[in-house]
Amino acid sequence: MKAGLYISEKKVMVGQIEVPDLQPGEALIKVAFAGICGTDMMIYAGKHPRAKAPLAMGHEFSGRIERLQGESDWAVGDRVVIEPTLSCGQCEACLAGASHVCKTLKLIGIDKHGGFAEYVAVPFDRLHRIPEGLSDAHAALAEPVAIAVHTVRRSNLKVGDHVVVLGAGPIGLLTGMIAKQAGAGQVLISDISSYRLAKAEQLGLTALNAKEVNVTEEILKRTNGNGAEVVFEVAGNQITAKQMIETVKTQGQIVVVSVFKQAPAIDLAAMHYREISLTTTRCCSKSDFAKAIKLMHSGAIDVAPLISHELPLEQIEEGFHLMENPDVSIKVLFHP
Ligand SMILES: [Zn+2]
Ligand SMILES: [Zn+2]
C-alpha cells in the first residue's frame, strides 16, 4: 500500500509498505484524513528519540473501518477517529487510570506506522466513533483538540480569569479557544507569525505580535499591571520560558505544554517570591478525547479556520515544507 514515509532528516517520500496484519482485537482503518503535528515535524527534523526510519508518520487521523479481527461492537464501514496512545496497562500510572502518562507510552505514527498511509491497524479501544454531522477532515483534529482540553482541564482556570497563551501554533490557538469555552475573560495570545495571529483574532483571541510589541509590557498593561491568573506556555523557547514568569500574576499558575528541545533556564527565585506554581501537561486521556469530539460536534469548537491545507499524500514533501513556514500554514491534512 501507499505510505508517506520519513526516510531521514528532512527527507520524506511516498513509498510502498505492507498492509498491516491484524492482531485479535484490532481493526484495519482506511485512512480518510491525517494531519501533520509538531511531533511529526520533530521526526522530520531527525530529532525524535524514538522514531525509526522508514516510518509512516501521522498520529492525528480519521477513517473508516475496513476489517475487524475479533469480537466487538464495531462494524465494517464505521467512521472513526483514532486516539493514538498505546499504553502498557501494567505500570503504576496505567493502574491508576492515567494511561496517557504510562511509563512506556508509545504512539501510533511514532513507534509504529501511522496515518500517512492507506491503512493502519488500530486496537479497538483506541477507536472513537465520529458522530453524524462531524466531517472526516474536522474529526482528524480530535487529537490536538483533546490536547487542548486536557491542558485547560489541568489548569486552575476560573470563570472571568485573564489567560495568556505564549505561542499561536495549532495547540496554542486551540488552548485559547478551549480556555474561552471554559470561561476565561480575556485571552491574550502571542506569536511572531502575523498569519497565525490574524487567525487568533478571527477566533476571538487578542493577538500580540512579539515582533512589534514587548509582550511582557503589553500583557501587564492589559491586566492592570498584575499579570494573568493562568499562563499557557506553548512555544518552547527561552524567550517564552522567561515571559511565562513575567506575565503570570502573583500566586498564579504556569502550564507548560511545550516539549522543550533544549532545557531552558527558569528563574525559580522569581517564582518563589510570588508563590507561582508551575504544572506540565502531556497528551490527553480517553475522556478528554471524547470531550474534544463532543465540543467539535456541538459546534462549540470549530476547527475549520485551523485547516490551512488539504493535500493528497503524494504531496507529502510539499506538506512538510508548508509546515516549516508558520506564515503560510497552521494545520496541513493529507488524504491518502
Ligand atoms: Zn499531535
Ligand atoms: Zn503503563
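I started with overall size, keeping in mind that this is a predicted model. The protein chain has 336 residues and a radius of gyration of 20 Å, which agrees with the value near 20 Å that a compact globule of that length would have. I then boxed the C-alpha atoms along the principal axes and got roughly 60 × 40 × 35 Å.

Next I looked up the fold elements: I have eleven helices and 18 strands in the protein chain. Buried residues come to 54% of the 336. I also checked contacts between residues at least 6 apart in sequence, and 69% of them join residues at least 24 apart. For the accessible surface I noted about 14,600 Å², with 50% of it belonging to carbon and sulfur atoms.

Then I turned to the metal. Which residues are the protein donors of the zinc ion (ligand 1)? I found Cys-37 (SG), His-59 (NE2), Glu-60 (OE) and Glu-143 (OE), at 2.2 to 2.5 Å from the zinc ion. I wrote their spacing in sequence as C-x21-H-E-x82-E.

Buried or exposed, I asked of Cys-37? Cys-37 has 11% relative accessibility, so I put it down as buried. Glu-60 is at 1%, so it counts as buried too.

Last, I checked the geometry.

How values were computed: Residues numbered from 1 in each chain as written. Chains lettered and ligands numbered in written order. Predicted model: local features only at pLDDT ≥ 70, side-chain atom pairs only at ≥ 80, totals over all residues. Heavy atoms only, no water. Donors = N, O, S within 2.8 Å, 3.2 Å for Na, K, Ca; no water. Buried < 20%, exposed > 50% of the residue type's maximum accessible area, 1.4 Å probe, protein only. Helix = DSSP H or I, 4+ residues; strand = E, 2+ residues; numbered from the N terminus. Rg over C-alpha atoms; globule rule 2.2 N^0.38 Å. Contact = heavy atoms within 4.5 Å. Areas by Shrake-Rupley, 256 points an atom, 1.4 Å probe, with all protein chains shown as cover.
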